[in-house]
Number of protein chains: 2
Amino acid sequence: MPSVSVPLSGQRFRVEYSLIAEDEPAARQRAVEIAFEQTVEFPADLTPKGDILEKIVGQVQEVIPTENAEKWRVIISYAAESAGDETTQFINVVFGNTSIQKGVRVESFSLPPAMAAKRGPRFGRSGLRQLLQTPSRPLLCTALKPMGYSARELARLAKDFAHGGIDLIKDDHGLANQPFAVFKERVQACAEAVHEANAVTGYHSLYMPHISAPADEILERALFAKELGAGALLVCPGLIGWDTMRMLADDDRLNLPIMSHPALIGSFTASPDSGISHYALYGLMPRLFGADAAVFPSWGGRFSFSKEECASIVEGTEAPLSEMKFIFPSPGGGMTLERIPEMLAIYGRDVIFLMGGGLHRRSPDLAANSAYFRELVEKMA
Amino acid sequence: MPSVSVPLSGQRFRVEYSLIAEDEPAARQRAVEIAFEQTVEFPADLTPKGDILEKIVGQVQEVIPTENAEKWRVIISYAAESAGDETTQFINVVFGNTSIQKGVRVESFSLPPAMAAKRGPRFGRSGLRQLLQTPSRPLLCTALKPMGYSARELARLAKDFAHGGIDLIKDDHGLANQPFAVFKERVQACAEAVHEANAVTGYHSLYMPHISAPADEILERALFAKELGAGALLVCPGLIGWDTMRMLADDDRLNLPIMSHPALIGSFTASPDSGISHYALYGLMPRLFGADAAVFPSWGGRFSFSKEECASIVEGTEAPLSEMKFIFPSPGGGMTLERIPEMLAIYGRDVIFLMGGGLHRRSPDLAANSAYFRELVEKMA
């Protein structure tokens, strides 16, 4: 029987899918179809016997019933080599074509140690806490907005937030390179404002510009931001691609923490029977692909995630995965000062509270509002 | 009232969403919320009056009832400047945060001429037909597979397909840079095989390697492929990001036709009430962002698209959009020789028939199967 032209390591990664099927044989059949679709994409009877059929085609490891008689969990393992050591191809094997099938959802995945060792965040929770010299309380984050403001107006906001002690002062994810606040001018003005405030307050606030940009400009923007004194980077993997985030995390010249924002990826959790689970999409994937903090909309805000879904995201940020660092969950999307106690109760201290519009609500004095936010969190946590 | 710091052109792009709402006032209210969410992401009462509230915030243009009493079409226009001339930010404004909301779907969008002029395919239907010297019949495409084959084995397939007269011989989208057929070796072997066959047959077949790759390697791979004689490029915008495809289309050093593959984006059409329509996702977006041909799974194959959904994708490839070129729909996903007549009836001649496994079914002689495929299509079209 023919073998593939190079020795296979025997290492395999495992993907857990949930799928709709009327009984166990049907579930097993669907699982086998996924195992072929995601690898050889070839009719079973035409697939070469030997290594390809036995090792390259995914292997159905388990078919597990759930409380719902028509829903099954299946675990399929794939040869590490099928992902060719690339984020793009790894995601392709996990869910490329199967994303187009109805009634199949990626619930989770796990990597063998050698694969996990090559991925993950650069800083993680402990690294980011060290940069901010904030060993234990929840971290505070806000966004510079609204779109339409000039670089100067945004920098004034940045200054106020920094004076009030907000740890991470990020661009709103809608700020790109628009003519009213072009990227370079904005980054220079906001980075300066935060540095000047730090010099006065003694705090260690970081300015975090949004750098989702054209593919041929993003690295240049990130390097420019670093040079001008940005302390972290905000990116939307749904807009730039997951591996572009990985590239930024891996670049030693940058050496900056990364926060991922969920723009555009919401459709993956729109249906409970399709797409990718909250756990994997907002927790595990940002972590695996280089983010140190992952933004998602908390329950009780403008979006419709449940408390359980939010808790599962937190699990994804800290699930054991070889020695991969944990990252911060960063719930936002309609957070207010009033909601801090209930959010603390669920998220605990290892969280970044992201409050945008809500921070403008208490009074027109943003520095005072920010200081109040910080005080509240310091008192409670 | 404050105005933004630069004059706005007055040009606006329009997005048509469908949304769930119990009556017209509720639909209008949801539309207004989307218009804020996608731009200033700020509470309406705190948004600065003047230009920002009046021009930067999206404007609800129409609220249209549908046959379903709980479903509405709304059209929102956005200032061209809010997209800052970038694909990433354009998509962000169209659907960034709103992708996370339940019951909202992007149906379509249209651009003012100045925006449309900067986007689109390089070759389009006419350019690709010219390269292939095939003025009017449907084009033929197949994929090199299965994963696990060596570069030499894949090149042998490429040679057979080219001898049989397949126009576009692409890598399967699961071929990346795996150790059993590393990218450079594979591209060299397959490009050579197709060139050698062309020299014998007089055909103009093109080899189309799959170049979805790490963000920091993709341009290099594309340039390498060009140098080695690849005639077109296959990319998965869902894996590499839509703007990375745009970058490859815009690069004058490459000057190669691009085929887009739908890996990972299937979740956007998993629910009829969320995500992005088939028309926009598989037709309009590939075209807008640089593809000359767009692969999607045809009705009647392994996937579950309906005939109507497939027809709407074709519409997206040729909807009037200033002077933007039309692109080829490329239905695949389980096509067989037997299905050519019914597919021709729906897709017409301006189509690329993509047959993978089905082309191996008729006999072990792939050159003969390919020639038969070509003959069938030439006779019927």
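Visitor: How far apart are the end C-alpha atoms of helix α6 (residues 151–164) of chain B?

Guide: This is a predicted model, in which local features need pLDDT of at least 70, side-chain atom pairs count only at pLDDT 80 or more, and totals for chains, interfaces and linings use all residues. Helices (H or I, at least four residues) and strands (E, at least two) are DSSP runs numbered from the N terminus, and the expected span of a helix is 1.5 Å times one less than its number of residues. The 14 residues of α6(B) should therefore span 20 Å, and this agrees with the distance between the end C-alpha atoms, which is 20 Å.

Visitor: How many of the 14 residues of α6(B) are buried?

Guide: Residues are numbered from 1 along each chain as its sequence is written, while chains are lettered from A and ligands numbered from 1 in the order in which they are written. A residue is buried if 20 or more other C-beta atoms, placed from the backbone, lie within 10 Å of its own, exposed if 12 or fewer do, and partly exposed in between. Among the buried residues of α6(B) are B:L154, B:L157 and B:F161. The helix is mostly covered, and the number of its residues that are buried is twelve.

Visitor: Which residue follows α6(B)?

Guide: The cover over the buried residues of α6(B) includes β5 (139–144), β6 (168–171) and α14 (366–380) of chain B. After the helix comes a residue whose phi is positive, near 90 degrees, and that residue is B:G165.

Visitor: Which helix gives the most to the side of chain A that touches chain B?

Guide: Two residues are in contact if their C-beta atoms, placed from the backbone, lie within 7 Å, and 71 residues of chain A are in contact with 71 residues of chain B. On the chain A side, α2 (51–56), α3 (87–95), α9 (237–240) and α10 (242–250) each supply at least two residues. With six residues, the element that gives the most is α3(A).

Visitor: How far apart do the C-alpha centres of domain 1 and domain 2 of chain A lie?

Guide: The domain bounds come from an automatic or database domain assignment, which gives chain A domain 1 (12–116) and domain 2 (124–380). The C-alpha centres of these two domains of chain A are separated by 33 Å.

Visitor: Is A:R362 buried, exposed or partly exposed?

Guide: A:R362 lies in the loop between β13 (352–354) and α14 (366–380) of chain A. Beyond its neighbours within four places in sequence, A:R362 is in contact with A:L337, A:N369 and A:Y372. Because 16 other C-beta atoms lie within 10 Å, A:R362 is partly exposed.
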